[in-house]
Amino acid sequence: MDFLRQFSRRSILAGMASLGVGGVTLAACGQVPAAPMEAPQAEEKPQAEAKEAPKEMESKVIKYMHYTTQQQVWDDTYGGVISRYEERNPDIKVELDLVSGGLTNLSEKAVSTHAAGITYDMYYGWFGYISQFATAEIIQPLDALVAKDAAFDLSEYYDFALEKINGRLYGIAWFMGARTIWYNADLMTNAGVDSPSKLDAEGKFTWDALAELSTKLTTHEGANVSQWGLYFGGNRPDRILIALKSWGADWWNEAFSGAAINSAASVDAVQAVLDLVVKHQVHPPQNRKESDVAPSFNEQKLAMVLNGPWYTRSINQQIYEGETPFNVELASVPVGPGGRGTPMLLNAFWIASTSPDPDTTWDFYKYLISEEVQPDWANLGGGRFPANRTYAPVVQYPFESIETYQAIAEVGIPLRQVVKQSDVNGAWGELWGQMEEGQKTVAESLAEIHQVADNALQEGGCIC
């Protein structure tokens, strides 16, 4: 089929941009010269029976809808990983249908091709659009494959590394990341303030301390902001969950049978994040004034940023190897009256519901989440939070710390979502903007999003 692209060794070496369009081309079977009809009369020896040349083994094909950032490191890393698998499994070829641009492009294409009857074996997955895949019944559970695979031990994997829908397993993370605080250590030193790591080591890194630190690191030129103290992004449900856990709150009740966001503790948590924007004015609003500086961490216009381990490549390339390098360090999120928790965000490959060969696809799947491949995924920011608890974290740069990653993982929590999570995400984004503009209070917004979230859960069920 011309919509599929074969991932050949030649295309890997050329850097996936040179991938051609077309189906898998199998090598032609060898041919044998025709044997004579009779043996020469002069010879009395019996004629040897003509033998057919051995046929070349027909390849199995794994059709995989793959996402590419179109960055060289991304394409080279995936190219090397897939090439190794094909070399040790010469009877298997991985055939890619490449998707780029926004991640939603892949979910939209998957839904449309599935509706058109086009089959795949595997999809690139992301926690942000599993709801669309589940709703359209594009993917299949892994339970049966795991159950008959005696060599695979699911108990070695963290619960928050498993994607389940109605109790059935659909994905196992190849990549996990926790959003934590990356900060400009030089700005801290120059301002004469204690860093988040130092405050945390002394048990003082609270939300009030974060607000105070952000205030000291926010600078002005007249009426305009010339340096922001913090970027957190409370308009995202997975980010605001960090604050909710600090107050002992959550989006959902413990049984995941209903929404729980409309609580006094939730109001306090959301208000603390909103105050960073509207009260302390240390965090850029969504509708930032054009005269205020853009919050660029790399350009030292932002002191602290909430981000994940995938940010390490940018830090290394744009900061440490840039024209004006500075020291970057990492700390956990603030602690609140209810403790703290950092949701683990995961990417898991998904086996297609239409896969004609799920067993072969499962073999490839296991390879992609194996310990062997973790150093490869470290190139893309993975490996720092292994899904399998028996694997050691992988780091690449001097500014990273295994001990810090391990400490962050200790407060890791699952990101609980519903099948209709996109409804919740969209509504929360709109409400956050209205809160920033003073159109609605936190209490009013939480009452509204509680109803939206509860309806989404009751109508579509949970990813659990």
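User: Which residues does Ser314 touch, not counting residues up to four places away in sequence?

Analyst: In this predicted model, Ser314 lies in helix H11, which spans residues 312-320. Ser314 is buried, because its relative accessible area is 16% and buried means under 20%. Leaving out residues up to four places away in sequence, the residues that Ser314 touches are Asn298 and Ile319.

User: How many nonpolar, polar and charged residues make up the contact of H10 with H16?

Analyst: On the H10 side, the residues are Ser266, Val267, Val270, Gln271 and Leu274, and they meet Val442, Ala443 and Leu446 of H16. The contact of these helices thus divides into no charged, 2 polar and 6 nonpolar residues.

User: How many residues apart in sequence are the parts that Arg416 and Asp250 tie together?

Analyst: Arg416 and Asp250 form a salt bridge, with their closest N and O atoms 3.3 Å apart. Arg416 lies in the loop between strands S14 and S15, and Asp250 in the loop between helices H9 and H10, so the pair ties together parts whose separation in sequence is 166 residues.

User: Is Glu459, the salt-bridge partner of Lys420, buried or exposed?

Analyst: The side chains of Lys420 and Glu459 meet at 3.1 Å, N to O. Lys420 has 29% relative accessibility and is partly exposed. Glu459 reaches 56%, and the cut-off is over 50%, so Glu459 counts as exposed.

Conventions. Residues are numbered from 1 along each chain as its sequence is written. This is a predicted model: local features need pLDDT of at least 70, side-chain atom pairs count only at pLDDT 80 or more; totals for chains, interfaces and linings use all residues. Side-chain values use heavy atoms; hydrogens and water are left out. Helices (H or I, at least four residues) and strands (E, at least two) are DSSP runs, numbered from the N terminus. Buried means under 20% relative accessible area, exposed over 50%, partly exposed in between (1.4 Å probe, protein chains only). Contact means heavy atoms within 4.5 Å. A salt bridge is a side-chain nitrogen of Lys or Arg within 4 Å of a carboxyl oxygen of Asp or Glu.
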